[in-house]
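Biologist: I am new to this structure and would like a guided tour. Could you show it to me and explain the terms as we go?
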Amino acid sequence: MNLWPQKFPLFPETATEMAAEIDRIYFAFLGISAFFSLLIAGLVFYLAIRYRRRSPDDVGKPEQAATWLEVAWSVIPLAILVAMFFWGTKVYFEARRPPSDALEYYVTGKQWMWKFQHPEGNREINHLHVPAGQAIKLIMTSEDVIHSVFVPAFRVKMDVLPGRYTTLWFKAEKAGTFRLFCNEYCGVEHSKMIGSVTVLEPADYEEWLAGAGVAGPAAAATGEELFSQKICDTCHKPDSATLAPLLAGIFGKEVELADGTVAVADENYFRESILNPGAKIVKGYQNLMPTYQGQLTEDELVQLILYVKSLSPAPTEGPSP
Amino acid sequence: MSTSAAEFGRREHYLNADWGVKSWLLTRDHKRIAILYLISITAFFFIGGLMAVLIRLELATPAGDLVQPDTYNRLFTMHGIVMIFFFLIPSIPAVLGNFLIPIMIGAKDLAFPRINLASWYIYSIGGLLAMWSILAGGVDTGWTFYTPFSTTYSNSYVISTALGIFVTGFSSILTGLNFIVTIHRMRAPGLTWFRLPLFVWAHYATSLVMVLGTPVLAITILLVAAERLFHIGIFDPALGGDPVLFQHLFWFYSHPAVYIMILPSMGVISELITAFARKRIFGYNFIAFASVAIAILGFLVWGHHMFLSSQSVYAGTVFSILSMLVAVPSAVKVFNWTATLYEGSVSWETPMLYALGFIGLFTIGGLTGVMLATLGIDIHVHDTYFVVAHFHYIMVGGAIMGYLGGLHFWWPKITGRLYPRFWSMISAIVIFVGFNLTFFPQFLLGYLGMPRRYHAYPEDFQVLNVMSSAGATILGVGYLIPMIYLIWSMRYGKRASANPWGAVGLEWQVPSPPPTHNFEETPTVEDEAYDYTAAKEKKVA
Amino acid sequence: MPSGQAAHPAGLEHHFESHEQQREAAFFGMWLFLVTEVLFFGGLFTAYVVYRRMNHDAFVAGSHELDVLLGAFNTAVLIGSSLTMALAVRAAQLGRRKGIALFLLATIALGGVFLGVKAVEYHHKWEENLVPGPHFHWEGDPVGNVEMFFNLYFLMTGLHASHMVIGIGIMLWMIPLAWKGRY
Ligand code: HEA
Ligand code: HEA
Ligand code: CUA
Ligand SMILES: [Cu+2]
C-alpha cells in the first residue's frame, strides 16, 4: 500500500464534512490576513516614498492626534476577531463532542506504535480500518509519554496522554486510505510513528471484519473473564450491593460520592475507580477497594471498562474529557 | 561635525577611559556591560544558527539520511533553547536597553550597577552550563520540556540544561528589576513619564514580565529536575502526577516570555520610525499603554498552547477569546507606526529598511498568530509547520529585524564609527528575501499537515522543504555580512559625529562614544519626546 | 549639580543624585525582589492546591503525620529571627556598629536552630519511611496518593531551608562589613 504518492500537493485532501468546514474558516481568515498584510505593506511603501526626504535637514509636519482613528483601528480588528472567534469555537465544540451514536474504538499509543481495539474484538497495529458514513469515536490513552493522533485529511487531532482517556471523532464521507501522524513529540522515533486510517464502504468493512481482520473474542467478553480473574466479582456481585456498589447500568449516569459531590461515570471515572479507588468514594461505601495500579495493562484496563460498560444497556454518550 | 571628529582621538570616553581585560570584567559601567552582553549573545546566535543550518540540511531530503533521528531531536531542541533563552530574551534588553536606558533618561548609570554586572556573570554561568550540556551530548526534549518525556523517558542531559536555564532566568530577573527601579527613580528633572522615549516604555513593560514571569519558570524547571533526580511523582502519571499541570506552569511563563522577546523590538521600531521620518510618533499615549496592556494581558492567554492537551473545552474558549484581545494592542501599534510616516520626512537609511521590514513581517506573523488562536483552525495546524512558520515570522522576521535595525541605528553611538552604507543595505535586502523564502513555504507545509519535530517526512512534502532549506542558506549569508562589516567598521569605519542621523533624544546629545558618566551636567528636559519641530526651531534660532 | 566624584558626598554611589534617591531605589528594589520570591513559591503553592483537590483524603492523612509541636516551635523561631533582623536594621539606621553585628549573629543563631529542628523532623520522616522514593511506605489505610503530599512537603520545606542557608551566608558576609562600619 503506497501511503506516499509521488505528487506534490499544496493542499491536503478533504475527506470529512468537518474538514470542509475547517477549510472554510481557514480561507476566510486567510483572506482577512492577506487583506491586512497587503494594506499595511502597501501603505508603508506608498507613504515612505510619497513623503521621502527632499532636503537633508527638513523635518516632518507636527503630528495631529486623531482619537477617532485610534478607536477605529482598535474596534474594527476586535470586531473581526470576535466574529472569527465564534465561528472557530462553534467548530471546536463540534469536534470535541462526539455524537452519541458513534462507534467506539480504543486506541493505545506507545513509543512508537499505535494499537487499535475494535468493539468487535479485532486488534490492529498502526493501520486502522473503519466503515464510511459512520461516526467513529476514538477513546485514546498512552502507555508512556504524550502522543497525539493527527489525520490531516479529516482535520482532526487530539493529544493522547498517559493516565487518562481523551477522545476524538470523525465521520469519513469517502472510502480511501489516509495518513495518521503522531503529532506530539514523543522521542527518537516520533517521526516514524506514522499509521493510516482505511475507510471502507460498510459492506466491505463487514467483509474485512469477517475475513481479513484477525477476529478475536469481543473485548467485553475478555473483560468478563478478567473481572473474575482479578477477583472483582468477590465484592461487585451482580445481585447484592452490600459490599460494593452494583456496576450494572451506571455508565453515563451521575454517581453520588461520599463527600456530597457527584461524578459522571464515564471512561475516565471507571479508570480512576480501578486504579485509584480512594480518589472518589461512592456514597454509602467504605474505602475497601484495593488499588489496581500497576496490576493491569492498558489493554486489560480497556477490556474491564468495556465489560463494566456492557453491563449498562445501550451506551449513552459519556461527555468527553 | 568635523570638530568632534577632530578631538575624537584625545577625548576620553567609556571605551578608552581604561584598558585591559580586568577593566572590562570588573566594570560597573552599563555601557561596557552592554558590550559584554553583545559579545555573548552574538556567540549564542551563531551557535543556534549553526544548528538551524543542520536542521535545514537534514530536511532537504525526505529520508532522514544526514543525521540520526536522535541527533536531529537534540539539534532542534538545543536550537530552540539557545535561540530563546540565551539569544533572543537577553538580546535587546541586555544590549541596547542596558546601553541606552540610562542615557535616554539622563542618568549616569542603572540604579544597581553591581547587580547589572552580576546579572551578566549569572547569564554566563547559565550559558556555560548549557554549552557544557550541548558538548556532553545535548538534550532531546524539545525546548518545551514536556513531561513525562523529560522527567522519565528522555536519556539526555536534561538536568544540566534545565539548570542552565534556571540560572540564566535569574539574570533576566535582575535585569528587569534593575530597569524598573531605574526608570522609576533615576529620570532627569523634567523627564515626566509621558516624555519618555517609547523604547523606555517598552522596556518597562518587558521588565514587568521578566520580574513576574521568570520565577514561575524557575520553579517549574526545578520541579522537573526534582522529579527526574529523585523519581518523586509530580508530573508523571505513572507516579501519580499530572503532566498537564506542567504544561500550565510552563506556558504561564513561556507565553508572557514571547512578549519579553517582541516588546523591546517594538520599542526599537518606535525609535527608528520617528528618527527616520523626523516626526513625532502618531498616538504616543496609545503605543505607550499598548505596551503595558500587552504585558498584562499576556499573562492570561497561556492556555492557547494547550487547546488539544485535554484541557476542558470551556478553558479553551476563554483562552481563545483572551488571545484575540491581546492581539488588539499589537494591531494598534502597527497602525500607529504606519500613520507616523504620513507627512513625515522619510529617509531610506539601513535601520529604516529593517524597521519597514519588521512592520510587514510582524503583521504576517501576528495575523497567523490569531489564526492559531482560532480554535477551529488550531485543531488542524497545532504542532505543525504552520506554528513553526508563525513564530519564526515574529521572532526572526520581527524581533531580530528590530534588533538589527537598532544595532545599526545606535552603532555609531556605541562604537563612534559609521558602518559601510552600501553593504548594510545589501545585507538588509538579502536577509529579507532569504527569510521569506525560508519560512513562507512552512505555512503551506503546515496546513498540508506536516507535523513539527519530524526528522523524516513523506516525499510529497519535499518541494516546499527544499525551498525552505534554500532560503535558510541565503538567510545565513545575510546574517554573516553584517557580522563582517560591523567588526570591520570598529577599526576602519568613518568616525561618527554625536548625532549622525539628526535625531532627537538625549542619547544623541552626548558625544559618540559617550563619556563614562554619560553626562557632564545632569540634563533637564523641556521638550516632549520626538518633538522635531521644536528641535528644528532651536537649530534655526 | 556637577557630577565630578570629588564633589560627591561620602556613602553616595557616584551615579545617584542624592542620598534620598539612593535610599528610595534600594527600598524599591528590595520590594520587587520580594515580589519575585512570592511568585517563586507561588508555583509550588499552585501545585499543592491542585493536588490537594485531586486527592483530598491523602493530603489530610499525610498532614496528620507532621509534628504540630515542632512546627509551631519553628514558626516561633522564625518570627523571633525576623525581630532580631529588624532590630539589626534599626541599629544600622542609628549607626550602632556593634548593635548590627550582634543582632545579625542572633538572627543567624535562630536560623541555625530552625534548620536543626527541620533536620530532626526530616529524620523522623526518614525513620517512618515517609521520604518519597523507593523507600516510601504508607502504613495507614489506602487513601490514595499520600506520597504526593510528601513530595510537595519536602520540596517546599527543602527549598525554604536552602533559602535560609543562603540568607545565613549573606549575613556572615555582612558582619565584618558592619564591624568596619560600612552601613
Ligand atoms: C516573539 C514571539 C511571539 C509573539 C509576539 C507571538 C504572538 C502571538 N502568538 Fe504566538 N507563538 C510563539 C511566539 C510568539 N507568538 C512561539 C515561540 C510559539 C510556539 C511555541 C511552541 O509550541 O514551541 C507560538 C505559538 C502560538 C500558539 C499555539 C499554536 C499551537 O501550538 O497550536 C498560538 C495560539 O493561539 C499563538 C498565538 C499568538 C497570538 C494571538 C499572538 C499575538 O500577540 C499577535 C498579535 C499581532 C497581530 C495581530 C499583528 C498586527 C495586527 C495588525 C497588522 C492589524 C490587523 C489585525 C487584525 C485584523 C486581527 N502563538
Ligand atoms: C529567536 C528564536 C529563533 C531563531 C532566531 C531561529 C532561527 C531559525 N530557525 Fe528556528 N526555532 C526556534 C526559534 C528560533 N529559530 C524555536 C523556539 C524552535 C522550536 C524548537 C522545538 O521544537 O523545540 C525552532 C525550530 C525550528 C525548526 C523546526 C524544527 C522541527 O520542528 O523539526 C526549523 C526548521 O526549519 C527552524 C529553522 C530556523 C532557521 C532556518 C533559522 C534561521 O533564521 C537561522 C539563521 C542564522 C544562521 C543560519 C546563522 C548565521 C551564520 C551562519 C549560517 C554561518 C555558519 C555558522 C558559523 C560559521 C558559526 N527552527
Ligand atoms: Cu508518538 Cu510522537
Ligand atoms: Cu503563546
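Modeller: Helices (H or I, at least four residues) and strands (E, at least two) are DSSP runs, numbered from the N terminus. By that count, chain A has six helices and 12 strands. This is a predicted model, in which local features need pLDDT of at least 70 and side-chain atom pairs count only at pLDDT 80 or more, while totals for chains, interfaces and linings use all residues. Residues are numbered from 1 along each chain as its sequence is written, chains are lettered from A and ligands numbered from 1 in the order in which they are written, and side-chain values use heavy atoms, with hydrogens and water left out.

Biologist: How many helices and strands are there in chain B?

Modeller: Chain B has 17 helices and zero strands.

Biologist: How much of each chain counts as buried?

Modeller: Buried means under 20% relative accessible area, exposed over 50%, and partly exposed in between (1.4 Å probe, protein chains only). In chain B, 71% of the 541 residues are buried. In chain A, 50% of the 321 residues are buried.

Biologist: What about the surface that carbon and sulfur atoms supply?

Modeller: Accessible areas come from the Shrake-Rupley method with a 1.4 Å probe, and for residues only the protein chains shown count as cover. Chain B has an accessible surface of about 16100 Å², with 72% belonging to carbon and sulfur atoms. Chain A exposes about 14300 Å², and carbon and sulfur atoms supply 63% of that area.

Biologist: Changing topic, which helix of chain B has a span that agrees with its length?

Modeller: Helix H10 (residues 284-297) of chain B is one with such a check. The expected span of a helix is 1.5 Å times one less than its number of residues. The 14 residues of H10 should therefore span 20 Å, and the end C-alpha atoms are 20 Å apart, which agrees.

Biologist: Which residues of H10 are buried, and what do they pack against?

Modeller: The buried residues of H10(B) are B:Tyr284, B:Ile287, B:Ala288, B:Ala290, B:Ser291, B:Val292, B:Ile294 and B:Ala295. They pack against helix H8 (198-230), helix H9 (243-277) and helix H11 (313-341) of chain B, where contact means heavy atoms within 4.5 Å.

Biologist: Where is B:Val396, and is it buried or exposed?

Modeller: B:Val396 is in helix H14 (residues 385-415) of chain B. It counts as buried because its relative accessibility is 13%. Beyond its neighbours within four places in sequence, B:Val396 is in contact with B:Phe391, B:Met401, B:Phe435 and B:Tyr479.

Biologist: What of A:Val255 in chain A?

Modeller: A:Val255 lies in strand E11 (residues 254-256) and is buried, with a relative accessible area of 11%. Leaving aside neighbours within four places, its contacts include A:Thr261, A:Tyr269 and A:Val282.

Biologist: Why mention them?

Modeller: Most peptide bonds are trans, and most residues other than glycine have a negative phi.

Biologist: Which residues other than glycine have a positive phi?

Modeller: Among them are A:Arg155, with phi near 55°, and B:Tyr530, with phi of about 55°. A:Arg155 is in the loop between strand E6 (147-151) and strand E7 (156-160) of chain A, and it is buried at 0% relative accessibility. B:Tyr530 lies in the loop between helix H16 (462-492) and helix H17 (532-540) of chain B, and it is buried with a relative accessible area of 5%.
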